[in-house]
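Please read it with the model open beside the text.

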Amino acid sequence: MRKCLTVLIAIVVGAAGMLGPVVLASAQSKGEVVIGLQCDRTGATQIVGTVLCPAYHDYIALVNSKGGVEGRQIKAIEIDHEYKVPPAVESYERHKKEGAVIIGVYGTPHIYALQAKLTEDRIPGTSPGFGSAAAADGVRYPYIFPIAATYWSQATAAVDFAKKQLGGTLRNKKIAYIFYDNPAGREPIEVVEDLAVREGFQLKTFAVPPPGVEMGAQALDIAQRFRADFVIAHLFGGAPSVSIKEFKRVGYPLRKVVSLVWGAAEANIDGAGGFAAAEGYYAMQFAGVGTDYPVLNEIREMYKRQGKEPPKGMASTVFYNRGVLIAALHVEAIRHAVKAKPDGKITGADAKAGFEKISNFTLGGLVPPLKITALDHEGGGLVQIWQVKDGKFVKATEWFSAYQDVVAKHIKEAGAKK
């Protein structure tokens, strides 16, 4: 089999969370429920996948160690698609043959490529923190579940945060939007343009060409020519680290920068020279940050019972906690599905209905108090802002969303074009 279709089958009761292509096989059980998990451990976004995907398996292992979901074991089948679309499509077909009732899609190009197949096959696919913002519309996209703040909701939250940081008004202020120049990076622009009109601020956009390793000119322009009052950054891969270094180089204060969710991890800070170098930088999150959550304590205890040390990846709390969040929401959807159909085989349609019953499931604060419905597959657009302060991430806000009327308007307009 091709390297990009390395399969990791996990889990019954044994621990997961190992880094690397290890097969964790489990005996089939009568009441087993299968989830298909796409990952990238070897491609362009492996900085995320090598932490997020093991975290996903750790949570599934924890659930199975406690008897599963209403007595049914969860089997998560992971396929590494190297962040490439053709292998992602192949992995979907493999997962479908294995009987997966949920697909954890990994990557914006991949959710676009699989959208029609998921709907046709009636298998829900999740795209937390990425993918199409319009897919929050559960009527037009019945089998796509963002289950976390989309790029539109992230952008509106960033504008609201900037407004609060600037004394409660943006009138006549200058806001810079620096973005990775691809469809995902461009997606929030129309929403921020709307808010510029509403709030009376001057918006200027700064495109960063892939692969995002050079943005000295943009940083200089933002700091010395445009003289931005606040910066909203939407960058990917190694680009967030570069942006932090360049803003520091030109003397722009990092306390006036807020990054959307893919420039918000420990790895991004480390790449910029460490927490001391990034002091003041604001990072948006769709999952809680840090190690102090009951579910993480349970995972550590699970490893301890097995005579093992917890995985080192747990220290990369942003990506690790996101993996736990995704797994937990998948399991919660299955829990609702099983409760509705206690003696029957769970299907993708059952899992869809299960997602649409998730309400105020917070996992001790690691997950925002989402409310997913048949109409809203995003769950309310909730985020937190954390700041780099004194060598760590410090929480700057509680969960919040902003300008959801503007987001709803764009969702409606996107639906009209579909």
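On a 1 Å grid over the protein atoms alone, a pocket is an open set of points where a 1.4 Å probe fits, with protein on both sides within 12 Å along at least five of seven lines, and its lining residues have an atom within 4 Å of a point. Grid points are joined across faces, edges and corners, and a volume is the space filled by probe spheres set on the points. This is a predicted model, in which local features need pLDDT of at least 70 and side-chain atom pairs count only at pLDDT 80 or more, while totals for chains, interfaces and linings use all residues. Residues are numbered from 1 along each chain as its sequence is written, and side-chain values use heavy atoms, with hydrogens and water left out.

**The largest pocket**

- The largest pocket holds about 580 Å³ of space, and of the 29 residues that line it, Thr45, Tyr83, Gly107, Phe236 and Trp262 are the closest to its centre.
- Helices (H or I, at least four residues) and strands (E, at least two) are DSSP runs numbered from the N terminus; β2 (33-39), α1 (46-65), α3 (108-121), α5 (183-186) and α11 (317-340) each supply at least two residues of this lining, and α1 gives the most, with three residues.
- The lining divides into 20 nonpolar, nine polar and no charged residues, where Ala, Val, Leu, Ile, Met, Phe, Trp, Tyr, Cys and Pro count as nonpolar, Asp, Glu, Lys and Arg as charged, and the others, Gly among them, as polar.

- Strands pair if DSSP finds at least two bridges between them; β7 runs parallel to β8 (residues 202-208), joined by seven bridges, and Tyr177 has Thr205 as its bridge partner in β8.
- Five bridges join β7 to β9 (residues 230-234), again in parallel, with Phe179 standing opposite His234 of β9.

- β10 (residues 257-259) pairs with β11 in the parallel sense over two bridges, and Val258 stands opposite Tyr282 in β11.
- Between β10 and β11 the chain passes through helix α9 (residues 266-271) in a right-handed β-α-β crossover, meaning that, with the strands pointing away from the viewer, the path from the first strand over the helix to the second runs clockwise.
- β11 also pairs with β12 (residues 384-389), in the antiparallel sense over four bridges, and Gln285 stands opposite Gln384 in β12.
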